[in-house]
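Here are my notes on the salt bridges in this model, with one remark on a loop residue at the end. Please read them alongside the coordinates.

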Amino acid sequence: MNAPLPPGARIGILGGGQLGRMSAMAAARLGYLCHVYAPEADSPGMLVAAKRTVAAYDDVPALRRFAASIDVATFEFENVPAATLDALAPLVPCRPGVTALRICQDRLQEKRFLAAAGVPVAPWHAVESEADLAAGLAAIGLPAVLKTTRLGYDGRGQAMLRTAEDAAIAFVRLAPKPLILEAFVPFIAELSAIVVRAADGTSATFDPTENRHEHHILDLSFAPARIPAEVAARAREYAVAAAAGLDLIGVLALEYFLLPDGQLLGNEMAPRPHNSGHWTMDACLCSQFDQHIRAIAGLPLGSTERHHDVVMKNLVGPAAMTRWPELLSLPDVVPHLYGKQDARPGRKMGHINRLLPLGRLAAGDEATCLRGL
Ligand code: AMP
């Protein structure tokens, strides 16, 4: 597939979450029709799709029918089984491809890949057995973080280790194995950089973002990150190098820890639009979702220029939803809800973007920037 997809072409999205929903809405604006494939009916993506398939990711006949009904396939979360893309790839272009998916699904592969791409990472040790854990602790020391290599998100599948006893308990509790032991990073900020890469290898980056978590779930993103220009440039360069190393077509998010001396350590990658890029929907001419669709459809990439400073706040669980009418009354806030019926604790229901004049974040009055959020 080399020519750009014409208006009216069909884009298949594996996964029915909010990232697929916002991608489908961006695709619709560009004149495309989206077919969402997910195991759950009435998922946020299904609610805005032109076509829906409710089927398991290993339902090969359903995948074949899906492939026959679309011009390109993408995925909106990286826990889609690699075998699903393997089944689709001979039938329809898959963007990003299965290699990027496999690497980003596995923290061990991800760490090896990042190091090879020139992105520094914290010391780590693969842990399959208690003997590996002991060797890892001897090499890395405490405190440390023990994580599942697969299927972890929003802090699930990981444990903070302060003592040898914590390590023994976490080793028994954490599943599936293998695990990865990482040195605890005394970061001063968590950052992310989002890059979009086209089929011809051209790429563009958004301004690096500063992220704050509550109970391991992203709470606030600030763009631009309040960091030296040289650090921001490095965050962009690493993201571009990672996307090139994956030969990625689409959007990639790279999360970092910022150390007091200005060093950046790569933490996690996602080969898809990312929660820390939701601010681009209202503060840039072309959002991360627009860019993802442009890249996979073979269109020219759009501008990543930011026309406002912005704070993104996630609306998580029932408490956030009780504030919804009040948040809507804030004049400088753009609201986004994902169409989820049930506001369970910890569930991302939507987000809001507060637009601020350019330069306001750097001016340093954070309390004013957050007032009323
Ligand atoms: P992750 O799932 O790897 O993104 O981890 C979720 C959150 O846990 C991160 O955003 C950090 O706040 C924290 N965390 C993860 N790994 C480490 C580490 N090696 N050192 C310090 N904090 C960490």
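1. A search of the whole structure gives 19 salt bridges. The criterion is a side-chain nitrogen of Lys or Arg within 4 Å of a carboxyl oxygen of Asp or Glu. Side chains of opposite charge can pair when their charged atoms come close.

2. On provenance: this is a predicted model, where local features need pLDDT of at least 70, side-chain atom pairs count only at pLDDT 80 or more, and totals for chains, interfaces and linings use all residues. Residues are numbered from 1 along each chain as its sequence is written, and side-chain values use heavy atoms, with hydrogens and water left out.

3. Arg102 pairs with Asp86 in a salt bridge, and their closest N and O atoms are 2.7 Å apart. This pair links distant parts of the chain: Arg102 sits in helix α4 (residues 98-105), Asp86 in helix α3 (residues 82-88), 16 residues apart. Helices (H or I, at least four residues) and strands (E, at least two) are DSSP runs, numbered from the N terminus. Arg102 is partly exposed at 35% relative accessible area. Asp86 is also partly exposed, at 37%. The classes are: buried, under 20% relative accessible area; exposed, over 50%; partly exposed, in between (1.4 Å probe, protein chains only).

4. Arg107 forms a salt bridge with Glu268, with 3.5 Å between the closest N and O atoms. Arg107 lies in helix α5 (residues 107-116) and Glu268 in strand β14 (residues 264-270), so the pair ties together parts 161 residues apart in sequence. Arg107 is buried, at 6% relative accessibility. Glu268 is partly exposed, at 22%.

5. Asp219 and Lys313 meet through their side chains in a salt bridge (2.8 Å, N to O). Asp219 belongs to strand β12 (residues 217-223) and Lys313 to strand β15 (residues 309-316), so this pair ties together parts 94 residues apart in sequence. Asp219 is buried, with a relative accessible area of 15%. Lys313 counts as buried too, at 16%.

6. Last, the loop residue. Pro331 is in the loop between α12 (324-328) and β16 (333-337). Is Pro331 buried or exposed? Pro331 counts as exposed, because its relative accessibility is 81%. From C-alpha to C-alpha, Pro331 and Arg354 are 8.9 Å apart in space, and they are 23 residues apart in sequence.
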